[in-house]
Amino acid sequence: MNRYVVRRILMSVPTFILTVLFVFMIIRLIPGDPVEIILSQSPYTTQEAKDSLRAYYGLDKPLYEQFVNYLGQLVTGDLGESTNTESPVTEELRSRLPITMEFGVFAVVIGLIVAIPIGVLSAIRQDSWSDYLSRSFAIFGISVPYFFTALLLIIYPIMWFGWAPPLRWVGPTEDPIGHIHYMFWPALLLGVTLAGSVLRMTRNQMLEVLRQDYIRTAYSKGLRERVVIWRHALRNALIPVITILGLQVGIAVSGTVVLEVLFNMPGLGKFFLQGIFNRDYPAIQGTVLVIASFTLLVNLFVDLCYAWIDPRIKYS
Amino acid sequence: MSSTDALLETNSRGPVAEYIRNSLYLNAIRRIVKEKPLGLIGMVMFAVFLTLAIIGPMIAPHDPNQLGTGPRLEGPQWGYPLGTDNLARDMWSRVLTGYRVSMTLGFIVVVTSTLVAVILGVVSGFLGGWTDTILQRFVDAFIAFPGLVFLMVVQAIFFGFEFPFLPSSGIMSSSGFTMMLAMTLLVSIGNSRIMRGATLSIKSEVYVEAAASLGATQSRIMLKHILPNIMATALTIATLNLGGIILFEATLSYLGLGLPPDVPTWGGMLSREARNWMSQAPWLALGPGLALSLAIFSINVFGDALRDVLDPRLRGR
Amino acid sequence: MSEYWKRRTLSRRNVLRGAAVGGAGLAGAALIGCGGSDDATTSSSSGSSSSSSSSSSAATSAATSAAAVQQAASAATQASTASVKRGGKLTMHANHEMRSIDPHFDTFPAATWVANSVYNRLVKYSWDLKELQSDLSELPEQPDGFSYVFKIKPGTKFQNIAPVNGREVTSEDVKYSIERQMGQEGSQEDLGKWGHRYYFNEKLASIETPDDHTIVFKTNKPYAAFMYYISNPWTVVVPREAVEAAGDLTSTAVGTGPFILDQWTKGVSWNAKANPDYFAKGVDGKPLPYVDEIEMLLVQEANTAATQFINGDFSAYATDANYVERVREGRGDATEIAVPSQFGRQMRMPPTYLDKVTGKIMDYKSYANAPEGYEGWQSYWEAGQMFDDIRIRQAMVQGVDKQQIIDLALSGGGIPMYSVIPQQYDTWALTEEVPGAEFDAANAAKLLQAAGSPAVEGPFMWASSSAGSVADQVGEIINQQLGSLPGVNLTLEPRETANYYDVTYKYRYFMSHHVPLAAAEPSENLQSYFGRNSTYYKIYNPDIWDKIDAQDAEVDGPTRQQMVKDVQKDITGFFPMKFVYTPYIYQFYDPKLKNYRMSLDRYDGSQIVEAWLDS
């Protein structure tokens with residue numbers, strides 16, 4: 001077991017380095033660099049001006065040298081300076097990551113609140129109309145693009161009812177209640193999407209668990225249905241559900257990219273998208289690094305959980 | 001565990017297995033019809049949409065792209081059931097043509113990506129050892145990498161490349177091809193992980209070990225035993241991916257990275273015409289939005305049912 | 001093809017607007033829907049003629065008199081002095097993120113709003129760009145065509161915060177600032193950062209400071225654009241101490257201005273508090289500014305911004321034709337003013353290198369070498385040579401129907417452009433089609449035939465922004481219009497912005513449609529696109545180059561005006577591109593907001609100082 005854990009952790013190191021290399025190389029393959037964007041609005045830009053700015057950002061050096069420099073920076077915890085916002089990427093990440101994390105967690109919580117009760121009900125009443133209805137809801141949740149539901153929410157209520165979701169960013173320190181109110185709507189949109197997968201999973205897991213012997217035993221002991229379901233069945237069904245939630249990081253990331261722009265949220269997703277459009281290499285690298293580490297950590301955690309739950313798993 | 005699965009796993013060689021496999025898919029359809037009303041609805045809807053993908057552009061009353069085939073920005077009315085957009089085009093014709101575009105895109109990506117995923121997964125899972133370890137590190141790194149960046153990069157690199165054998169416009173044009181290529185890579189590498197898992201579990205089955213001990217070559221085992229038995233998993237994954245791919249196209253369009261405007265995609269309609277004009281012309285959002293959501297809905301529902309009857313192991317993925 | 005036209009239903013508003021624009025033939029800013037109901041819709045043709053010719057001084061002649069905007073329009077937001085109210089917080093909307101707030105660095109628009117709140121210029125223009133106004137200095141004196149003497153107003157002080165602590169402004173500060181803008185402070189490595197170097201670099205012979213309040217600029221040769229650049233929103237006076245304290249001004253700002261920068265939350269907003277010691281007086285004779293605080297929120301998605309304005313998040317807001325109906329409906333009480341934007345659209349062919357004089361075709365590769373690995377581009381490059389035939393260029397120009405584009409893509413919310421300078425700057429702009437450049441599909445087909453019926457096949461590209469812009473639709477319309485000509489078959493290629501710049505700034509494209517940068521100063525439009533040292537676009541036509549240079553050195557207003565118009569006719573008649581349209585910008589003002597008009601120069605944020613909020 002311990003040996004497996006150590007191996008598994010060691011294995012993430014090359015993966016991490018590969019990811020860093022990937023992102024470093026791949027963004028430099030896209031035509032257009034930050035200098036083109038920065039100078040796009042200045043007339044009479046000479047080649048010398050462009051070259052000087054490239055030199056200023058260190059883009060004139062050969063790729064391998066840039067990469068070595070970057071790795072050197074990484075070791076000291078420096079992610080470079082964003083060419084788009086002219087501030088250190090670490091500083092940007094420090095202010096933006098908590099917002100996106102909060103957004104993600106809020107969405108997951110909403111997703112769970114919606115999905116788990118419905119999923120359980122749907123499993124208990126398998127193949128009833130309420131089952132079909134709730135599953136349809138779940139699947140519909142993942143069938144509509146985020147940007148579309150968000151646009152519907154932003155455009156129509158103000159026209160019909162004179163109401164709009166709060167679209168002005170409110171920081172958690174200046175007004176905690178306003179902040180939660182602000183976060184609620186985008187989190188709901190993302191949460192409903194996450195709920196779709198969680199609901200389906202909860203239902204399936206519940207169905208599995210309900211067929212298990214110990215549940216029958218619990219029933220035969222004369223325990224009430226509520227107790228059996230919520231105390232015995234759900235607890236066991238939820239383990240895979242929770243681990244799977246971690247795998248939805250990817251979905252959540254693309255969701256935050258779209259929703260943060262629509263709701264004016266100064267998070268990581270917006271920073272990332274701006275970074276891409278402005279060819280802000282340090283920003284893209286920094287953001288991908290964070291997302292990738294997070295994904296790797298989650299996967300590591302999931303694998304270790306599985307190993308812990310099922311000791312037969314060997315690393316192959 | 002279903003009866004077919006049980007049969008399959010105990011008798012996977014010889015004519016019996018062949019027979020069972022051939023009837024497996026028919027059988028699955030039969031079971032969906034009998035046992036899965038929701039899946040049935042999805043299946044019927046999906047069949048309708050497939051038909052529309054084939055005949056849609058033929059029955060479209062107007063050219064979907066031609067300017068001025070209708071009034072400008074008017075709501076649903078006789079002759080224009082879904083209204084018209086700000087370039088005075090018939091939305092109904094555009095939505096109908098969108099079926100073919102989305103389904104073509106979806107199917108091509110699904111088929112190619114599943115093929116690649118199966119090859120990668122089987123090779124990695126079956127060969128094991130260093131091949132597996134190294135391949136999986138790459139897969140790990142790729143999965144940790146945000147898909148959006150990857151799609152953008154591939155699109156950007158290939159943009160401006162004129163593939164000589166492709167037409168100059170439409171979904172099969174160079175830009176469409178580039179998008180499909182990017183999506184194929186993205187989807188297949190993620191899926192190869194699942195195919196590898198399926199390979200591993202079949203590899204450890206008794207009959208495979210028996211075949212190996214009887215002296216069957218590796219390629220024979222792969223082709224005769226492993227491949228046929230992971231096909232159900234592959235099919236299910238493919239169906240479930242189809243919706244995601246169509247959705248991805250819409251998101252890319254929204255971000256301004258979609259197909260050129262002369263390819264009428266639902267995502268394009270939503271993020272060009274609808275996004276700019278839907279406040280005064282809600283029908284611009286209604287047509288493509290509904291078409292997109294219903295198509296993905298039906299695919300997902302059908303895929304769920306297919307998964308239940310074909311491959312219960314995949315539950316919870 | 002023209003079926004859409006017959007069936008198009010014109011709302012009353014559209015008819016009125018069309019009449020106003022078409023009737024006057026001028027870039028009239030029509031006041032549309034004051035009070036929101038249809039009955040309140042007023043419009044009259046704008047008949048005001050250019051005003052810059054009234055004076056012969058270079059200062060006024062360079063005053064790029066703007067679009068003729070009706071008195072009614074300004075009356076809507078101007079209020080009598082008696083009703084001046086003080087206090088309150090004024091919120092505005094920005095749709096661009098700022099890279100930095102250093103006014104002398106990049107040219108990104110949102111940053112001038114900070115610059116113009118925190119700093120001052122020597123002189124500035126009124127919101128309609130017609131009147132030169134004093135700012136830090138009185139209006140300049142001109143002893144000759146080369147010299148400009150500015151006298152700083154006595155008692156102008158920097159803000160009372162560190163590191164300047166309210167010290168007086170001296171002519172040395174001005175000299176320092178101009179030199180800084182010219183990049184003289186920067187090192188060779190970051191020369192590219194100084195986006196405004198070209199204003200004065202190599203143009204000034206000397207900057208002298210005979211005393212603490214007098215500064216004398218001498219130009220090398222007559223420099224007609226001098227007054228424009230010295231009054232430019234970016235040409236602000238910064239204190240040396242502040243630069244030295246922070247290294248640069250990318251994230252700090254201390255100046256003489258009416259507002260003191262309070263906080264800048266990147267990607268969200270910035271705000272500034274009133275400067276209690278500000279030197280300028282308002283209409284009521286008391287110190288400006290009237291409001292206690294200004295704030296600007298960054299909102300990138302246009303749908304979100306529209307909802308926020310309806311919801312009351314902003315006091316002033318500007319948007320495109322697409323969102324207008326909705327804002328009108330949601331905010332019937334808001335004052336609406338439509339102004340042609342300064343950002344037009346061009347349909348371009350690759351830069352032509354035909355030497356009109358010798359008839360020789362320039363060597364393509366000597367201009368811009370295709371980079372290695374771009375063989376694909378090399379082939380377009382070769383294909384682009386067909387546009388050396390002026391008949392093919394003219395055919396492309398005649399094949400595009402700009403009115404159809406305006407009607408379909410913008411619901412009529414735009415006006416045609418006839419040459420380089422957008423109609424908004426009516427002193428300089430052409431107001432009617434240059435002969436030969438008008439829409440005439442039949443003649444275009446003939447021209448193509450005369451040119452040997454070439455296959456005009458290749459990619460047609462543009463920058464496709466993530467904001468769901470109309471660019472995609474314009475591309476599609478032009479494609480269909482040109483596609484009806486014999487032998488024309490374009491492949492649509494929307495490109496992500498950085499990718500587009502990467503290609504087009506190396507002139508490596510077949511055809512494209514493009515939003516050029518435009519300024520109130522004609523040289524800025526002419527030189528950077530068609531001049532001898534142009535970088536945005538190139539034409540090889542020494543005749544045109546000479547004419548552009550000549551107007552550059554002409555300081556007499558009316559003469560220069562004629563020269564600018566003449567050279568524009570030459571450019572349009574050379575058919576390097578089709579000048580298509582400029583869209584209207586629809587400005588909305590909350591009724592509480594008084595005495596404020598957004599400047600016709602989108603970069604100028606200084607008007608806000610005179611605004612107040614009615615309670």
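**Figure 1. The D590(C) side chain and the backbone of K592(C).** In this predicted model, a polar atom of the D590(C) side chain sits 2.8 Å from the backbone nitrogen of K592(C). That side chain also makes a polar contact with the side chain of R331(C), again listed at 2.8 Å. (A polar contact here is a pair of N or O atoms within 3.5 Å; within protein, one must be able to donate a hydrogen and the other to accept it, and residues adjacent in sequence count only if both atoms are side-chain atoms.) D590(C) is found in the loop between β17 (577-589) and β18 (593-594) of chain C; helices (H or I, at least four residues) and strands (E, at least two) are DSSP runs, numbered from the N terminus. Is D590(C) buried or exposed? D590(C) is buried, because its relative accessible area is 14%, and buried means under 20%, exposed over 50% and partly exposed in between (1.4 Å probe, protein chains only). Leaving aside neighbours within four places in sequence, D590(C) is in contact with F309(C), S315(C) and R331(C), where contact means heavy atoms within 4.5 Å.

**Figure 2. L139(C) in its loop.** Look between β3 (132-134) and β4 (147-151) of chain C for the loop that holds L139(C). L139(C) counts as partly exposed because its relative accessibility is 44%. Setting aside neighbours within four places in sequence, L139(C) touches V123(C), L132(C), Q133(C) and S134(C). K124(C) is 15 residues away along the chain, and its C-alpha atom is 9.3 Å from that of L139(C).

**Figure 3. Where chain B meets chain C.** Here 36 residues of chain B are in contact with 40 residues of chain C. About 3200 Å² is buried between the two chains, with carbon and sulfur atoms giving 47% of that; buried area is the accessible area (1.4 Å probe) that two parts lose on being put together, summed over both. On the chain B side, L67(B), R275(B) and N276(B) lose the most area to chain C, together 19% of what that side buries.

Figure 4. Which of them gives the largest share? That would be α10(B), with six residues.

Figure 5. Chain C averages a pLDDT of 80, and 80% of the residues score at least 70; pLDDT is the predictor's confidence in each residue, from 0 to 100. Over residues 1-76 of chain C the pLDDT is below 50, though the model has 165 contacts there beyond near neighbours in sequence. Residues 362-378 of chain C also stay under 50, with 29 contacts beyond four places in sequence. For the complex, the predictor gives an ipTM of 0.88 and a pTM of 0.86.

**Notes for all views.** Residues are numbered from 1 along each chain as its sequence is written, and chains are lettered from A and ligands numbered from 1 in the order in which they are written. Local features need pLDDT of at least 70, side-chain atom pairs count only at pLDDT 80 or more, and totals for chains, interfaces and linings use all residues, while side-chain values use heavy atoms, with hydrogens and water left out.
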